[in-house]
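Hello,

Here is the structure I promised to pass on. Please open it beside this note, and then read on for what turned up in it.

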Amino acid sequence: VQEHLRNDHIVWVNITPLKERDMTNLKRAVKRLKKTVKSIDGDMAGVDEEWIVVCPSYAEIARSDDKIEE
């Protein structure tokens, strides 16, 4: 996932397998992703209980409370 981010790809991450196996490893993986996203000036958001979307600096995640400008 980190390599894809560094190569300017938007990545959808299914966290269910990690969540079912070990919450400690899930927390560690999310923390590591947050550091990578911060270092590339990207964005990251949880979509639901199973998915996280991460994107590089050229993309921004529109959140439900964000106003979309036309």
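Below are my notes on the sheet, the aromatic pair, the surface patch and the salt bridges.

First, the ground rules. This is a predicted model, in which local features need pLDDT of at least 70 and side-chain atom pairs count only at pLDDT 80 or more, while totals for chains, interfaces and linings use all residues. Residues are numbered from 1 along each chain as its sequence is written, and side-chain values use heavy atoms, with hydrogens and water left out.

The sheet

Three strands make an open, antiparallel sheet in the order β1-β3-β2. Strands here are DSSP runs of E with at least two residues, helices are runs of H or I with at least four, and both are numbered from the N terminus; two strands pair if DSSP finds at least two bridges between them. β1 and β2 are the edge strands with a single partner each, so one side of each has no neighbour in the sheet. On average, neighbouring strands are turned by 20° against each other, direction ignored (axes are lines fitted to C-alpha atoms, for helices over the stretch in contact, and angles run from 0 to 180 degrees between N-to-C directions).

β1 and β3 are joined by four antiparallel bridges. Across this pairing, N14 stands opposite W51, and V13 has I52 as its bridge partner. A hairpin of four residues connects β2 to β3. How enclosed is β3 by the rest of the structure? Largely, because four of its five residues are buried (under 20% relative accessible area; exposed is over 50%, partly exposed in between, with a 1.4 Å probe and protein chains only).

The aromatic pair and the patch

There is one aromatic pair in the structure. Since W12 sits in β1 (residues 11-14) and W51 in β3 (residues 51-55), the pair ties together parts 39 residues apart in sequence. W12 is exposed at 52% relative accessibility, while W51 is partly exposed at 30%.

W12 also belongs to a nonpolar surface patch with I10, V47 and Y58, about 460 Å² of accessible area together. Patches take residues with over 30% relative accessible area and no salt bridge, joining like charges within 9 Å and nonpolar side chains (Val, Leu, Ile, Met, Phe, Trp, Tyr) within 5 Å; areas come from the Shrake-Rupley method with a 1.4 Å probe, and for residues only the protein chains shown count as cover. Y58 lies in the segment after β3 and is exposed at 54%.

The salt bridges

How many salt bridges does a search of the whole structure find? Two, where a salt bridge is a side-chain nitrogen of Lys or Arg within 4 Å of a carboxyl oxygen of Asp or Glu.

- K19 and E49 have their closest N and O atoms 3.1 Å apart. K19 is in helix α2 (residues 16-21) and E49 in the loop between β2 and β3, 30 residues apart. K19 is partly exposed at 32%, and E49 exposed at 59%.
- D43 and R63 meet at 2.9 Å, N to O. D43 is in β2 and R63 in the segment after β3, 20 residues apart. D43 is buried at 15%, whereas R63 is partly exposed at 33%.

Best wishes

Terms used:
Phe/Tyr/Trp six-rings, centres within 6.5 Å; stacked < 30°, edge-to-face > 60°.
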